[in-house]
Amino acid sequence: MRIVDIKPNQFKRVLSNIFSNIVKYASRDDKVNIIVCDNTITIENLIDNKQEDTNSGKETNYIGQNVCSDIMKDMGGVYTHWIKDGQYYCKIALKMR
């Protein structure tokens with residue numbers, strides 16, 4: 001068994017940000033993939049960047065992502081995000097004991 005260290009309220013804030021972004025920004029036509037492997041959670045197709053323009057109301061300034069990065073760093077983990085082939089991804093790596 002592997003154990004990860006988290007601060008429950010802070011980790012909840014990270015997950016809440018991610019899932020609220022899925023609801024707000026993800027394409028309704030594509031599925032969002034959540035991959036869990038060891039101490040890492042990767043989320044694919046989180047934001048459909050093809051939809052993101054000033055007329056769609058789906059603009060984002062990624063402030064929430066920066067907060068997630070700070071929270072994960074405070075817990076000894078890592079939060080990263082990137083865009084590949086027009087899709088937005090994020091990854092959470094948790095500190096293991």
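Reader: How many salt bridges does the structure hold?

Author: A salt bridge is a side-chain nitrogen of Lys or Arg within 4 Å of a carboxyl oxygen of Asp or Glu. The structure holds two salt bridges. This is a predicted model, in which local features need pLDDT of at least 70 and side-chain atom pairs count only at pLDDT 80 or more, while totals for chains, interfaces and linings use all residues. Residues are numbered from 1 along each chain as its sequence is written, and side-chain values use heavy atoms, with hydrogens and water left out.

Reader: Which side chain meets Arg97 in a salt bridge, and where do the two residues lie?

Author: Helices (H or I, at least four residues) and strands (E, at least two) are DSSP runs, numbered from the N terminus. Arg97 meets the side chain of Asp5, with 2.8 Å from N to O. This pair links distant parts of the chain: Asp5 is in strand β1 (residues 4–5) and Arg97 in the segment after β6 (95–96), 92 residues apart. The C-alpha atoms of Asp5 and Met96, which are 91 residues apart along the chain, are separated by 6.1 Å.

Reader: Is Arg97 buried or exposed?

Author: Buried means under 20% relative accessible area, exposed over 50%, and partly exposed in between (1.4 Å probe, protein chains only). Arg97 has a relative accessible area of 68% and is therefore exposed. Asp5, at 26%, counts as partly exposed.

Reader: What does Asp5 contact, leaving aside its neighbours within four places in sequence?

Author: Contact means heavy atoms within 4.5 Å. With those neighbours set aside, Asp5 is in contact with Met75, Lys95 and Arg97.

Reader: Which residue forms a salt bridge with Asp74?

Author: The partner is Lys7, and the closest N and O atoms are 3.0 Å apart. Here too the pair links distant parts of the chain, with Asp74 in helix α2 and Lys7 in the loop between β1 and α1, 67 residues apart. Asp74 is partly exposed at a relative accessible area of 43%, and Lys7 is partly exposed at 39%.

Reader: In what pattern do the helices and strands follow one another along the sequence?

Author: The protein has two helices and six strands. Along the sequence they follow the pattern β-α-β-β-α-β-β-β.

Reader: Which strands form the sheet, and in what order?

Author: Two strands pair if DSSP finds at least two bridges between them. Four strands form an open sheet with antiparallel pairing, in the order β2-β3-β5-β4. The edges are β2 (33–37) and β4 (78–84); each has a single partner strand, so one side of each is left without a neighbour in the sheet. For angles, axes are lines fitted to C-alpha atoms, for helices over the stretch in contact, and the angles run from 0 to 180 degrees between N-to-C directions. From one strand to the next, the twist averages 15°.

Reader: How many bridges join β3 to β5?

Author: Four bridges join β3 (residues 40–44) to β5 (residues 87–93), and the two strands run antiparallel. Within this pairing, Ile41 has Ile92 in β5 as its bridge partner. Helix α1 (residues 8–25) packs on the sheet, touches β2, β3, β4 and β5, and has a direction at about 165° to that of β5. Helix α2 (residues 63–74) also packs on the sheet, touching β4 and β5, and its direction makes about 145° with that of β4.

Reader: Which residues touch the most other members of the largest nonpolar core?

Author: A nonpolar core is a set of buried Ala, Val, Leu, Ile, Met, Phe, Trp, Tyr and Cys residues joined through side-chain atoms within 4.5 Å. The largest one has 19 residues, and Val14, Ile18, Leu46, Met72, Tyr79 and Ile92 touch the most other members. At least two residues of this core come from each of α1, β3, α2 and β5. The largest share, five residues, comes from α1.

Reader: How many aromatic pairs does the structure hold?

Author: A pair of aromatic rings is described by the distance of the centres and the angle of the planes. Rings of Phe, Tyr and Trp (its six-membered ring) pair if their centres lie within 6.5 Å; planes under 30 degrees apart count as stacked, over 60 as edge-to-face and the rest as tilted. The structure holds one such pair. The ring centres of Trp82 and Tyr89 are 5.6 Å apart and the planes are at 5°, so the pair is stacked. Trp82 is partly exposed at 32% relative accessibility, whereas Tyr89 is buried at 14%.
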